[in-house]
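Take a look at the fold below.

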Amino acid sequence: MPRGKPLSDFEKVQITVKKDQRLSNRQIARDLGRSPRVINNYVNDPRNYGTGKCPGRLSLRFVDLKVVDLF
């Protein structure tokens, strides 16, 4: 699945302000033009938002070693 752009600092502040105004995550997502999922992820754990590592694609060398181990 493709990944969108991470939240900017301005968007993070807007989310915090709108949550203080007791708006729902879906309403905030509509207002900012973002998916509800990214809003949920930020609201549930703002300190760790965006710190996850994407493992990326395995190198061919690693894949070749796995194939050799199978034989």
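The buried residues of α3 pack against α1 (9–20) and α2 (25–32). Helices here (H or I, at least four residues) are DSSP runs, numbered from the N terminus. This is a predicted model, in which local features need pLDDT of at least 70 and side-chain atom pairs count only at pLDDT 80 or more, while totals for chains, interfaces and linings use all residues. Residues are numbered from 1 along each chain as its sequence is written, and side-chain values use heavy atoms, with hydrogens and water left out.

Which residues of α3 are buried? In this helix, residues 36–44, they are V38, I39 and Y42. Seen down the axis of α3, these buried residues fall within an arc of 100 degrees, so they line one face of the helix. The arc is that of the directions from the helix axis to the C-beta atoms. An α-helix has 3.6 residues a turn, so residues three or four places apart point the same way. On the other side of α3, R37 and N44 are exposed. Buried means under 20% relative accessible area and exposed over 50%, with partly exposed in between (1.4 Å probe, protein chains only).

V38, I39 and Y42 also belong to the largest nonpolar core. The 9 residues of this core include L7, I15, I28 and Y49 as well. Two or more core residues come from each of α2 and α3. A nonpolar core is a set of buried Ala, Val, Leu, Ile, Met, Phe, Trp, Tyr and Cys residues joined through side-chain atoms within 4.5 Å. In soluble globular proteins, nonpolar side chains tend to be buried together.

Y49 deserves a look. Leaving aside residues up to four places away in sequence, Y49 touches P6, L7, K12, V38, N41 and Y42. Contact means heavy atoms within 4.5 Å.

K18 is a charged residue in helix α1. Is K18 buried or exposed? K18 is buried, at a relative accessible area of 18%. Its contacts, not counting residues up to four places away in sequence, are L23, I28 and D31.

Now the whole chain. There are 4 helices and 0 strands. Of the 71 residues in the chain, 17% are buried. Among contacts between residues at least 6 apart in sequence, 38% join residues at least 24 apart.
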